[in-house]
Structure formats: structure tokens, C-alpha cells
Amino acid sequence: MKLNFIHIILRSIVYYRLNTLYQLLIIIFLSAIITGSLLTGSSVRSSLKKENENRLNGTGIVISSGPRFFPGSLATRLEKTSNERCEGILELKAWVRNFNTGESALNVQLWGVNNSFFNFNSQVPTISLEKGEVAINSLLANRIGLKMGDDIIIRTEALSDIPAGSPFAPEKDDFESLVLTVKHIVENDGLADFSLGINQVRPNNVFIPNEEFSPLFKEEANINRIIIKENTSTSVDNIKESLRLVLTPSDAGLSIRFSDASDQFEIISKRIFIGE
């Protein structure tokens, strides 16, 4: 009897039916695992993306000065030129201690802000801070046992135009200390967990009036981040062009003068001379 190709396959499957069944079950099992992993990964990714977008608290674009600082007025000038909602803030790392109990927390995210920051993503301002007052998120409050009216000690790295450890950096105390009173404990997730980085861990946030830092800069309180509110009409090119128009050498601590001796222009910083 002459068998065709299909008959040979069917007879082979029948003869090796147990092995075929095992392979089929293994394929189904592995397919289910891979499909489940892909679906779980997609769900986790969407969840993390949504959570981190919520922590931005309406921020669409961030301009950073790196380890140096901008004058606080730059954010105001940029807002007027770009017609976009801008806010200048100071981002630092700090160590916080409960003044009464001595409990402390390391790696606290410290934000120097103006009161206008608290309605950056809201029409109604929910928080107002005066000099000597501070707002903290509920995570930090629970961690070191703080309640409204308690005093806290905040220590942060010394603020300088020249980052610590840089060549020619002046010798000085490595830390600045502040003693402030807790005025608000922030519960709202978007504001309480405000962060400009991508992180799965909730930050311990402290919000301080920018004016508290004025004596440390020996002039107007400086900033190192400018946040621009997320908007469907917001254009990165518009922000770049507006920044180019308003940014001056003095915003970076530089000045320009003409030297009669060399018949050339010279760029001078607050700390060092920059020549050819």
C-alpha cells in the first residue's frame, strides 16, 4: 500500500502520541508564561509611567543649571517672554532631624520654592509659607514622628558658586543648618511626592520658602531648576528661543569687559578670569 505524505504524518503522530502530547503541553505552558510576562511588564510599565508623571505635578519641561545656580528672576523673565507658566525652584539634598525627639532622616529631597509653586498645577493655592515655616510630606512626617507646629533641623551642603571639591573652592563649613517650624503636612500625592527624577521609591520631601536661602547666597535667593508647566501648545523650540533671548552672561555669574591693553573683549566670572 502506497501512503501519501499526510498519512505518514498522521501515523507518526499516532505512534508517538505520548511524546507529541507532552510537547504540545510544554508549548502551551511556555506560551502562557511568556504571554503573562509580557502583559505584566506592559501593565507595570504603564503603572510606573503614570506614577512618575503624577510626581511631576504638571511639569512638562525642566531647565537645569547643573551644579551651579541661576538668579531667581530668570524664571520670571522666561515666563514673560515665552508666555508659558514657569516656576524657579532650588533642588538640594538634605538631612532632617526632629528637634524634639532626635529622630532623623537622610537623603531628604529639599525644595526651595515660592508660594506660587503650590498652585503650579492647581487653580487654588493650598499652601502658603512664611519665613521660618516649612511644609513636609506625610511620608517624612510619619517616618520621624512630626506633626504641625513641631520644629525641625535641616542640614544641607554649603551653597557656593563653586561646587565643593572643585579646584580653587574656598575652605568653609561643608554644611548649612536651618531650624524651621512645620506649618503644613502635605497629603496630596502629586505635590507630596513631587520629583523631577524617575524613581519607584516615594521621596521624603521638604518645601522651604526661597527667601530662607537668601543669606546663604548673600544676595537674592538663587535657583537651579526652572520648571515649565505641561501644555499641549508648549513647544521646546519656543522655550529654547525664549531662553536665548532672556539669558544674559550675568545669569551665569559672568561679565564682559573691553581691555584697552589687549584691544579685546574679556569674559570674567565672579571667581576666575577666563582668557584666550
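Predicted model: local features only at pLDDT ≥ 70, side-chain atom pairs only at ≥ 80, totals over all residues.
Residues are numbered from 1 along each chain as its sequence is written, and side-chain values use heavy atoms, with hydrogens and water left out.

A nonpolar patch on the surface is formed by Leu18, Leu21, Tyr22, Leu24, Leu25 and Ile28, which together have about 610 Å² of accessible area. Patches consist of residues with over 30% relative accessible area and no salt bridge, like charges being joined within 9 Å and nonpolar side chains (Val, Leu, Ile, Met, Phe, Trp, Tyr) within 5 Å. The areas come from the Shrake-Rupley method with a 1.4 Å probe, and for residues only the protein chains shown count as cover. Leu21 belongs to helix 2 (residues 17–55); helices (H or I, at least four residues) and strands (E, at least two) are DSSP runs numbered from the N terminus. Its relative accessible area of 42% makes Leu21 partly exposed, where buried means under 20%, exposed over 50%, and partly exposed in between (1.4 Å probe, protein chains only).

Side chains of opposite charge can pair when their charged atoms come close. A salt bridge is a side-chain nitrogen of Lys or Arg within 4 Å of a carboxyl oxygen of Asp or Glu, and the count by this rule is nine. One of them joins Lys131 to Glu212, with the closest N and O atoms 3.7 Å apart. This pair links distant parts of the chain, 81 residues apart: Lys131 lies in the loop between strand 4 (104–113) and strand 5 (133–137), and Glu212 in the loop between strand 8 (205–209) and helix 6 (214–217). Glu212 is buried, at 9% relative accessible area.

Another salt bridge, between Glu241 and Arg244 (2.6 Å, N to O), falls within helix 7 (residues 236–246), where the two residues are three apart, about one turn of the helix. Glu241 is partly exposed at 36%, and Arg244 is exposed at 54%.

Helix 7 also has a buried side, comprising Ile239, Ser242, Leu243 and Val246. These residues lie on the same side of helix 7 because they cover an arc of only 100 degrees around the axis, taken from the directions from the helix axis to the C-beta atoms. The buried residues of helix 7 pack against strand 1 (59–64), helix 3 (73–82) and strand 10 (225–229), contact meaning heavy atoms within 4.5 Å. On the other side of helix 7, Asp237, Lys240, Arg244 and Leu245 are exposed.
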